[in-house]
Amino acid sequence: MCLAVPMKVIEIQGDPDDFLSGQIALVDADGIRKETRLDIVDRWPDLGDYLIIHAGFAIHTLDPQEAETNIRLMREMAEKVEAAEAVEQRT
Amino acid sequence: MCLAVPMKVIEIQGDPDDFLSGQIALVDADGIRKETRLDIVDRWPDLGDYLIIHAGFAIHTLDPQEAETNIRLMREMAEKVEAAEAVEQRT
Amino acid sequence: MNPGNTILLDHGSGGIASQELISQIFLKHLDNSILASLEDSAVMENHPGKIAFSTDSYVVDPIFFPGGNIGTLAVHGTINDLTMRGARPLCLSLGLILEEGFKLDDLERVIVSIAECAKSADVPIVTGDTKVVPRGKCDKIFINTSGIGIVEDGVNVSSTMAQEGDLILLSGSMGDHGITIMTRRAGISLDGNLASDSAALNELVALLLDKLPSGSLHTLRDPTRGGVATSLNEIAAAAGLAVEIDDQAIPVKPEVRAACEIMGLDPLYLANEGKCLALVAPEQAAKALQLMRSTAVGTDAAIIGSLKAGKAGQVVLRTAIGGSRIITPLHGEPLPRIC
Amino acid sequence: MNPGNTILLDHGSGGIASQELISQIFLKHLDNSILASLEDSAVMENHPGKIAFSTDSYVVDPIFFPGGNIGTLAVHGTINDLTMRGARPLCLSLGLILEEGFKLDDLERVIVSIAECAKSADVPIVTGDTKVVPRGKCDKIFINTSGIGIVEDGVNVSSTMAQEGDLILLSGSMGDHGITIMTRRAGISLDGNLASDSAALNELVALLLDKLPSGSLHTLRDPTRGGVATSLNEIAAAAGLAVEIDDQAIPVKPEVRAACEIMGLDPLYLANEGKCLALVAPEQAAKALQLMRSTAVGTDAAIIGSLKAGKAGQVVLRTAIGGSRIITPLHGEPLPRIC
Amino acid sequence: MKYLDEFRDQTLAEPLLKELRRSVTKPFRVMEVCGTHTMSIFRSGLRTLLPEEIELISGPGCPVCVTSASHIDAILAMAELQNTRIALFGDLFRVPGSNGLSLANASSQGAKVDIVYSPMDSLNLARKYPEELIVFLGVGFETTTPGIAATILAAKNSALDNFAVFSTHKTMPPPLLALLDDPELQIDGLLCPGHVSSIIGAGAYQPLADTYKLACVVGGFEPADILQALILMARQIANGEARVENAYTRAVRWEENSRAQQMVRAIFKTADMEWRGLGVIPESGLAIREEYSHYDAERRLNIKLTPATEPKGCRCGEILKGKEVPSQCPLYGKRCTPGNPVGPCMVSSEGTCAAFFKYTQ
Amino acid sequence: MKYLDEFRDQTLAEPLLKELRRSVTKPFRVMEVCGTHTMSIFRSGLRTLLPEEIELISGPGCPVCVTSASHIDAILAMAELQNTRIALFGDLFRVPGSNGLSLANASSQGAKVDIVYSPMDSLNLARKYPEELIVFLGVGFETTTPGIAATILAAKNSALDNFAVFSTHKTMPPPLLALLDDPELQIDGLLCPGHVSSIIGAGAYQPLADTYKLACVVGGFEPADILQALILMARQIANGEARVENAYTRAVRWEENSRAQQMVRAIFKTADMEWRGLGVIPESGLAIREEYSHYDAERRLNIKLTPATEPKGCRCGEILKGKEVPSQCPLYGKRCTPGNPVGPCMVSSEGTCAAFFKYTQ
Ligand code: SF4
Ligand code: SF4
Ligand SMILES: [Mg+2]
Ligand SMILES: [Mg+2]
Ligand SMILES: [Mg+2]
Ligand SMILES: [Mg+2]
Ligand SMILES: [Mg+2]
Ligand SMILES: [Mg+2]
Ligand SMILES: [Mg+2]
Ligand SMILES: [Mg+2]
Ligand SMILES: [Mg+2]
Ligand SMILES: [Mg+2]
């Protein structure tokens with residue numbers, strides 16, 4: 001359930017508190033652009049933010065710091081493994 | 001104006017005085033059959049009569065005797081010509 | 001193949017549903033080893049001679065009618081076009097465009113006819129293609145057949161070969177197909193013994209090529225859309241000569257003539273799907289006529305006229321009462337008239 | 001040709017309106033002496049070798065799209081199918097089905113593209129046919145092209161020739177055409193630099209046939225409908241071998257991948273219109289790759305896998321993380337998904 | 001076909017031709033009023049056989065060809081309406097309006113246009129498409145109008161609501177009178193239309209014979225019929241007579257077909273009518289009576305005819321009178337061709353301008 | 001694509017796999033609740049790489065696959081109505097009803113069926129076809145429902161009248177509880193759905209962890225995400241813990257997305273819901289509130305669901321619990337195949353029965 005992809009915000013229309021205005025962001029991924037609705041996004045995005053898009057709606061504004069942490073933690077875990085392995089192999 | 005063809009009556013439905021009933025004849029020419037309306041025909045046909053059909057309506061019930069006379073008169077005219085010619089040629 | 005027993009969009013996807021259609025209907029009836037290989041193209045042995053190549057699409061409505069169906073037309077039509085250049089038909093392709101919702105039973109009926117016609121004319125279907133379009137984007141089924149034939153060395157049949165003095169043979173009666181289709185259409189209902197003349201002419205033509213002295217058969221043409229009137233104009237124009245034909249010599253079945261009279265149509269402009277014109281050197285015309293009449297599709301063959309010097313491209317018809325009129329090519333789709 | 005500047009039913013009548021269409025649009029752009037003879041079939045010189053024959057109908061919607069149009073597909077598609085058997089394409093037929101009301105300008109635009117593609121691939125259109133159907137009975141224009149090619153003696157390219165150990169080359173990126181068409185359809189609007197890969201492969205294949213040692217090019221296949229996934233399954237089944245490919249080796253443009261991610265589609269199942277798979281003896285694979293890359297249509301070519309003993313007909317994909325999955329043929333028309 | 005083939009027979013036609021030649025004592029001009037006569041003369045090649053003393057002039061008797069551009073414009077406007085379907089005789093399909101566009105163009109643009117063989121077939125369309133209004137294009141002279149009247153009555157009797165007729169019906173005598181009233185028009189005989197006469201009776205031509213001293217002969221449509229009619233006419237002219245004779249007795253009586261005429265009078269009343277090439281001729285048309293206004297497309301769809309803007313220059317009026325030849329028309333061969341006809345003489349494939357164009361190219 | 005490719009990287013996945021192998025100390029069973037996890041595991045080939053101590057069970061988390069045959073039957077009935085157009089996500093197009101027919105069949109029979117990418121696209125259809133009622137098929141779990149709620153609100157705000165939603169919306173916890181309540185179901189961990197969790201928050205799984213002593217880890221959908229989640233789960237299991245952990249912090253918080261949830265609560269209320277293969281689960285669905293009944297296709301078209309007649313014999317319920325294998329189902333491979341699926345495990349191309357069928361043929 002729930003195919004969703006991260007896309008970068010390059011334009012924002014509307015107002016977070018006014019549901020009657022079109023709450024729309026133009027988003028981009030590798031040159032593919034799409035209008036996405038912001039009606040239900042958890043946090044109103046800034047330009048440059050990444051949104052997680054599902055069926056035309058942004059469901060989440062990705063926290064770039066959180067995302068970098070996410071990757072960093074995995075990398076660290078991975079590096080630790082590689083290091084451990086290197087040690088193992090040396091021994 | 002007014003392409004019309006003679007076709008032979010092989011079946012009759014309805015009543016000449018009742019316009020509410022379907023006034024219809026099934027007609028035939030060389031094996032081609034067609035329903036034709038009798039609403040406006042000059043004379044209610046009998047089976048075997050020929051109708052002159054225009055745009056799906058019989059406009060005239062052909063008088064077979066009249067038709068034969070028609071042909072006969074032409075033939076006579078034609079024969080007279082041929083006879084006269086034969087005479088001319090002989091002389 | 002699917003619970004609804006109709007064509008679905010998936011049958012045109014190129015995936016598993018397409019493959020099921022191919023194996024359960026097409027290969028079942030059209031089977032031959034070249035087709036069955038299901039490669040991107042068929043590859044066959046070549047034969048000495050020139051290559052003839054022809055294509056036609058079939059969009060007839062209704063798809064089933066007395067005397068044939070869209071499938072018989074598709075096989076006969078392309079075989080005949082190849083044959084009109086003196087070619088021996090080698091093989092056919094079959095391109096189907098199907099409407100979503102088309103009944104699989106109807107499809108199978110058409111394919112069975114195609115298989116029978118191809119078999120009886122001995123011209124296999126060696127390659128094919130199927131597309132499916134959404135409902136309402138085509139009308140049940142459209143068929144394209146293309147065909148390859150071999151023109152043996154020494155055979156040279158074309159409209160430009162027609163010569164002054166050539167006699168014009170017609171292989172049978174005019175208008176059968178056109179009038180049959182027209183009387184099946186909504187809005188125009190005539191009953192009667194009308195039937196399309198859908199037939200393959202390759203045997204008839206092979207006979208002429210085999211039995212007539214080389215070089216005496218000059219031109220062949222099948223008077224399909226536009227009728228014999230249009231075909232004769234095309235021949236006259238290509239040959240740079242005049243055509244003269246005799247109205248009374250042109251075979252038309254009584255029931256076809258009657259239907260034409262009723263609707264105000266001229267049988268010379270109606271389509272035929274199993275007839276050909278043949279232009280033959282005058283000294284061979286009698287023999288050619290006899291050969292035509294010896295075939296099942298040519299029993300009503302007749303000599304209908306000749307090629308003359310005269311106004312290039314003009315076709316003159318001698319009428320029953322001894323008058324004449326000029327026959328022009330078809331102007332527009334023949335329609336029933338009131339005057 | 002008519003005051004409304006659209007196709008009328010009369011344009012398909014076979015009469016004068018049809019002839020005007022032929023001379024004012026078709027012959028104007030497609031002119032060559034064989035086509036211009038307007039006979040029932042084209043007759044051409046033959047060449048030594050086997051005959052390849054292929055047909056395809058084109059019903060794409062929309063008819064114009066970035067990277068091409070229905071006409072470019074029609075020319076490239078059939079040229080490619082011929083080429084996939086190692087044939088040198090000789091000529092094409094052109095069968096048009098037009099909808100009453102289709103704009104003559106759009107028709108001319110399509111015919112101009114066909115003329116350009118045919119010319120640039122050096123494969124003339126030698127015979128044709130046009131039908132017109134009432135409005136609402138087809139969708140603007142459907143095209144069938146059939147084609148003849150010559151397979152020179154000694155060339156034997158087919159799926160059944162694939163051998164264990166063969167390396168699998170792919171001539172370029174996957175999914176460009178399929179995703180371009182899908183994102184042009186109503187209901188799914190993505191903007192971006194997507195374009196169809198519509199292209200003729202005859203030069204690329206001619207190069208392979210010329211430069212590789214005879215017998216080292218075993219199989220060619222163009223992954224159109226059904227995508228490379230389905231083509232590989234067909235090859236594996238015909239060869240009775242297993243295919244193993246490497247996901248990371250398969251070229252997919254970033255924008256195509258992004259559009260696929262958004263809609264939940266797999267580029268391996270999307271149609272391509274200017275790409276081919278080539279199965280080559282392993283010792284010639286590097287050379288074949290270099291040859292492909294030297295052509296304009298093959299710059300992104302890659303070796304994506306090999307043929308193995310193993311379960312006959314099975315296609316296994318090695319994934320980016322080192323796992324594997326089985327690739328089945330397409331099940332149904334790819335549709336955008338939510339999960 | 002019985003009662004057709006007999007009258008096409010060369011063994012009959014040949015001696016009749018000889019008799020005709022013998023009967024002609026001086027040159028004379030005949031107007032064949034009816035388009036079907038024109039057509040038959042053309043198809044049988046009769047024109048090529050007639051003695052050269054006889055000059056045939058084609059009259060205004062093709063109801064389709066004389067349908068005015070403004071009527072076609074109104075029809076095209078109706079064809080564009082939502083939920084409207086046009087039913088028509090095939091002949092009308094390619095007749096152009098004032099901008100050169102026809103129902104063939106409208107159909108190509110998505111208009112619903114159905115060709116029928118009989119007006120009754122349009123009632124079947126009304127049953128098949130209950131949400132649409134079926135507008136039958138009523139064109140025709142006396143022969144055709146009764147059937148259309150009967151169709152309107154049938155619609156009423158079967159309570160079919162979604163059916164209407166656009167009436168451009170015309171009657172034959174008024175345009176003939178209009179032509180004959182021109183002193184420059186010199187004709188000696190009228191070949192009177194066979195099937196119109198089945199309805200109106202041969203007696204209807206008596207006033208024409210009397211007033212204009214014309215030899216009026218009602219003729220059938222087969223070659224022998226026409227020859228016989230011309231023989232009778234030649235004899236009258238030779239004798240200086242001007243009578244009404246009936247050479248089509250198998251289909252025409254002296255009296256009218258009163259069942260048909262009563263049907264017409266019940267549904268229609270006379271009205272002014274515009275003719276292509278001839279302009280508006282008073283009392284030359286038929287309009288649907290108030291009582292049947294529900295079946296009158298003009299009233300039901302509130303159609304206003306835009307006043308006749310016949311293409312400037314069309315010389316059809318003069319050509320129909322035999323006073324000019326097509327090449328004298330400034331539009332001939334330029335704006336007006338068989339592919340893009342302007343006037344009625346080009347619309348009809350056997351019209352004088354079309355024939356001239358075809359055989360002099 | 002940024003934030004996708006990083007998590008598909010083999011240089012990340014390989015060491016994570018090693019770490020996972022190291023973290024696994026004993027066999028355990030994990031239910032991956034979400035169909036998108038199932039799909040990703042399949043597409044990435046992850047299943048072929050996991051240590052064999054880990055047994056993956058696919059849960060009921062494909063909203064399309066669990067749409068019941070009786071709902072499909074109701075949809076097919078709507079599709080047959082005049083002036084009704086069905087808008088739907090592509091996944092639903094081939095899902096069969098009780099007689100084996102799907103919207104693909106309905107379309108082939110002339111039903112108007114439009115596949116859309118977003119529910120908002122169906123409002124464009126409503127504008128394009130003003131005479132038709134556009135019925136959007138509302139399928140989906142917590143991730144999809146807020147957008148559909150927003151679409152209903154947008155229709156109301158723009159006064160679009162010809163739009164309605166057929167709600168088969170489902171919520172995730174109830175079927176999980178139903179499965180977990182079966183004492184025979186032996187699972188040790190739950191791989192919790194990433195995008196559902198974006199909406200409901202990772203905290204929503206705390207009761208499951210507490211009640212059933214399950215290691216609950218929220219995971220993203222890329223291979224590295226899944227591996228990381230499984231590592232955390234393996235560590236918990238090794239340590240005898242049963243906590244909620246979040247391995248998808250870039251998209252999921254502990255708290256719910258309250259904007260989305262408020263939108264859902266404004267438009268929908270909980271209702272009993274039938275699941276394919278699982279039957280009716282109380283309070284597991286969402287129905288449109290009275291205030292928005294104008295946008296409720298069920299009420300507007302007066303649709304009555306015919307009581308569940310799930311095909312007799314379908315063992316999906318047991319298979320979803322990992323208690324049976326497909327070959328034990330009497331319909332498997334006979335009445336139920338990927339071409340003609342019966343239960344949800346065959347409808348989904350990666351469902352247990354479909355996978356079993358495909359890879360054992
Ligand atoms: S050429 Fe055309 S415009 Fe001129 S008189 Fe003839 S029909 Fe009228
Ligand atoms: S085989 Fe079909 S019917 Fe049986 S359990 Fe699986 S999905 Fe259900
Ligand atoms: Mg191919
Ligand atoms: Mg052809
Ligand atoms: Mg042909
Ligand atoms: Mg193909
Ligand atoms: Mg249809
Ligand atoms: Mg031909
Ligand atoms: Mg092909
Ligand atoms: Mg192809
Ligand atoms: Mg053709
Ligand atoms: Mg269309």
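The paragraphs below start with conventions and then turn to the domain interface.

This is a predicted model, in which local features need pLDDT of at least 70, side-chain atom pairs count only at pLDDT 80 or more, and totals for chains, interfaces and linings use all residues. Residues are numbered from 1 along each chain as its sequence is written, chains are lettered from A and ligands numbered from 1 in the order written, and side-chain values use heavy atoms, without hydrogens and water.

Chain C splits into domain 1 (9-151) and domain 2 (159-326), with bounds from an automatic or database domain assignment. Taken over C-alpha atoms, the centres of these two domains of chain C are 27 Å apart.

Contact here means heavy atoms within 4.5 Å. By that criterion, 20 residues of domain 1 of chain C touch 22 residues of domain 2 of chain C. The two domains of chain C bury about 1600 Å² between them, 61% of it from carbon and sulfur atoms; buried area is the accessible area (1.4 Å probe) that two parts lose on being put together, summed over both. P66(C), N80(C) and M84(C) supply 34% of the area that domain 1 of chain C buries against domain 2 of chain C, more than any other three residues.

There are 0 salt bridges between domain 1 and domain 2 of chain C, a salt bridge being a side-chain nitrogen of Lys or Arg within 4 Å of a carboxyl oxygen of Asp or Glu.
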